[in-house]
Amino acid sequence: MADTFQFKLVTPTGVLFDGAVEQVTAVGALGEFGVLPLHTNFITSLVPGILTLKISGTSFTEYLVAGGLAEVKDGVMTVLALEAEPPSKVDRAAAAGSVAAVEQRLSQMSMFDPGYEDAAQALAVARVRAQVDQLLRAPH
Amino acid sequence: MATLKAIRRRISSVKSTQQITRAMKLVSAARLRRAQEALLNARPYHETLKRVADSLLGSAPEAMAPAENARRVALILVVTSDRALCGGYNANLLRMAEETARRSAAAGLEPKFFAIGRKSLDHFRRTHAALDGDRINNTPRLATVGLARDLAAKVIGDFRTGAIAEAGVVYSAFRSAISQRPTYDKLLPVEAPQPAADGAAAPATDYTIEPSAAELMPVVMRSYVEASIFHALLEGEASEHGARMTAMDSATNNAVEMIARLTLEMNRARQAQITRELMDIVGGAEALRG
């Protein structure tokens, strides 16, 4: 059995990761899921959350992903993220501020307002950013 | 013949213009490099998304059909620059936009423009074209994910509510610093990929789709439209800087030529003046002797 598989993390501003990994854990529309080598062809949408790559044994890399798509095709996994950043680069304080700001904005909107979906998405991203430390999965 | 003083003034004016055009050329060259890099970085995202969208389209074609009773309107996003001094860059784009509008009209769709960049906004205001909105003063960078996201939200929103039946974007495809080609890309409705020339359709991937094709399709399409607009903005940005760099390079060369010509003229004028003065002196001496 193959021990590793190819994984690519792609964002509109560049390729953040391209290499072999043992396991990938991500948060999809239906909840958290893991991908191991020889996974079936599969595609799902991602919600804002943490993407964990197990490079080997005890070596992990994590990214904060602001939603997007995950695809497994012929043993290669590709994550198309709207935005992605390593947790070390997340500005937690600014995120906490924007959670409050977006919550305020959302409270004045109705579900049918044109900007509602975008605001809800922005809120989800801001929440993940603000709580990034609690969400990290890899052992430290 | 112009006086010596006038020619000198002219030369110094051309020299300062030359300094400006040379500086602008250098600035554009630096920005072009940055824009090209961004264009290259965005390519994998756009290409992968296109592949995924194409292979999914077969599973849920109805997810992206225009709304029922959609108004027969074609929205045309036009990506131009905010500033001038970039040769024929904007003029070529606007001609392409007008042409696209004529084609839409011929197909029975009412064309409406969305101006990105001050130059297109000014143009459409002048021609009293149907304008649906604008985004100008896109500084310091035109191609930002944020702008692409806003535009995609508008396009998809209008498409879903039936305010438009078609959407596309006119931008300048960057080929090299001296070659940019105005291009029209249709964004919506998304068409199924054309089978290859030999009749063999691209092999569709048999995916397990979660949660379901109908639910996933809007997400894919949204990302796809976003990436396509972002791609158009990036191409436009690189083209603008390329066009400006070329325009400023030839302006600088013209200034060099003009300075050479004026210097020659100035020397002639000076020589003529000296000769005239000498003649006066000789004439005066002759008169005294006589």
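**Contacts and cores**

Analyst: Leaving aside neighbours within four places in sequence, B:I229 is in contact (heavy atoms within 4.5 Å) with B:L77, B:A148, B:L151, B:A152, B:V155 and B:L187. This is a predicted model, where local features need pLDDT of at least 70 and side-chain atom pairs pLDDT 80 or more, while totals for chains, interfaces and linings use all residues. Residues are numbered from 1 along each chain, chains are lettered from A in the order written, and side-chain values use heavy atoms, without hydrogens and water.

User: Which residues touch the most other members of the largest nonpolar core?

Analyst: In soluble globular proteins, nonpolar side chains tend to be buried together. A nonpolar core is a set of buried Ala, Val, Leu, Ile, Met, Phe, Trp, Tyr and Cys residues joined through side-chain atoms within 4.5 Å; buried means under 20% relative accessible area, with a 1.4 Å probe and protein chains only. Here the largest core has 56 residues, and B:L56, B:L77, B:I116, B:L188, B:I229 and B:L233 touch the most other members. The helix α5(B) gives the largest share, 13 residues. A second, separate core of 21 residues includes A:F17 and A:F33.

User: How many helices and strands does chain B have?

Analyst: Helices (H or I, at least four residues) and strands (E, at least two) are DSSP runs, numbered from the N terminus. Chain B has five helices and six strands.

User: What part of chain B is buried?

Analyst: Buried residues make up 43% of its 290 residues. The C-alpha atoms of chain B fill a box of roughly 115 × 40 × 35 Å along the principal axes.

Key: Buried means under 20% relative accessible area, exposed over 50%, partly exposed in between (1.4 Å probe, protein chains only).
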